[in-house]
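Please look through the structure shown below.

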Amino acid sequence: MTSDTPRTADGGATPAERDAMRRALALARERGRPGPNPRVGCVLLAPDGTELAAGAHTGAGTPHAEVVALAAAAEAGVDVRGATAVVTLEPCNHTGRTGPCAQALLAAGVARVVVAQTDPTPTAAGGAATLREAGVEVLTGVLVDEVEPLNRAWTTAVTRGRPFVTWKFAATLDGRSAAADGTSRWISSPAARADTHRLRAEADVVLAGTGTVLDDDPRLTVRGADDAPLPVQPLRAVMGLRDVPDGAQVLDATAPTVHLRTRDPHEALALLAEREARHVFLEGGPTVAAAFLTAGLVDEVVVYVAPLLLGAGRSAVGDLGITTVTDALHLQVLDAATVGTGEDTNVRLVLRPVVTGPDGTTAPPTPDQTEMI
């Protein structure tokens, strides 16, 4: 880049680099759930700001976004020496399933690297420093607020050592997830259920307690508009000590299933982390939900509120050990929207528990919530 290239207030990034970062973000988002790896996009720019090539990472064991973009440039016969690489995540600095991206950029002769999010993992971090030491100009933090939400689950998993947990439930206006006779189909609308499948598809694991499996016999799969299962499915996890009947739908051949024979949410997440799970979608009924909440292990809450009143029935969440309003578990509203139209309208709320612990966990009272999981 020449010294007279126009700059913005965003850490010295040019308008072309900001546009390229948004394109890299879009490419990364299109790739869907990549398993244990983050979603990353890369755009290569010529010194005048025009795009030379682009690419995105498609999953563990496949080339990283920078390498994909460099390969696309080479295939097109484009010389990238002196180019700028715009990347949503700091180029890795280690050899894992693939080689280090920092070295690939150096070998290609890239002169400048623009990064949104720095890599939080101890093994992969340091790519920016390696590039700077080799004389490459590196700019970090560009549009980071726009980019970081894409990999929120992965970032949580690699920094806290456990999967990101989304608790999803559907409830009536008076907070009931089932009627007094136990019936719960269907509290949420078809539009809300379709939206739930969209969210399930973004997770690595869909988890329910044995109580929910025994009472409702759910499939816990991701299904399309025709109610047919999609070809790529997350892992299904059943948590609890009770046996699951051989004929349960959760054990069918549609998707893999693991039975986590524990009542401890910490242990359950540790077992899933061993499988490189980054995002757990919790749909497991009031008891298992209360266990995760009281353990401070819920990172996000998604609730579909139906315009119904029951007056009695099963609560959406079990006893949290809270006896006074001043001790209530507070949640921050991140998004509120309607899903569906007419009689099918539900309100979808996305919330985040207010962090009270120094380790990034919530800290309500902790009664024994494991008896019926």
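How many bridges join strand 4 to strand 5 (residues 137–139)? Three bridges do so, and the two strands run parallel. Strands here are DSSP runs of E with at least two residues, numbered from the N terminus, and two strands pair if DSSP finds at least two bridges between them. This is a predicted model, in which local features need pLDDT of at least 70, side-chain atom pairs count only at pLDDT 80 or more, and totals for chains, interfaces and linings use all residues. Residues are numbered from 1 along each chain as its sequence is written, and side-chain values use heavy atoms, with hydrogens and water left out.

Six of the six residues of strand 4 (residues 112–117) are buried, so strand 4 is largely enclosed by the rest of the structure. Buried means under 20% relative accessible area, with exposed over 50% and partly exposed in between (1.4 Å probe, protein chains only).

Strands of a sheet pair through backbone hydrogen bonds, either parallel or antiparallel. Inside the order, strand 8 (residues 205–209) and strand 11 (residues 279–282) run parallel and are joined by three bridges. Val206 has Phe281 of strand 11 as its bridge partner.

How values were computed:
Helices (H or I, at least four residues) and strands (E, at least two) are DSSP runs, numbered from the N terminus.
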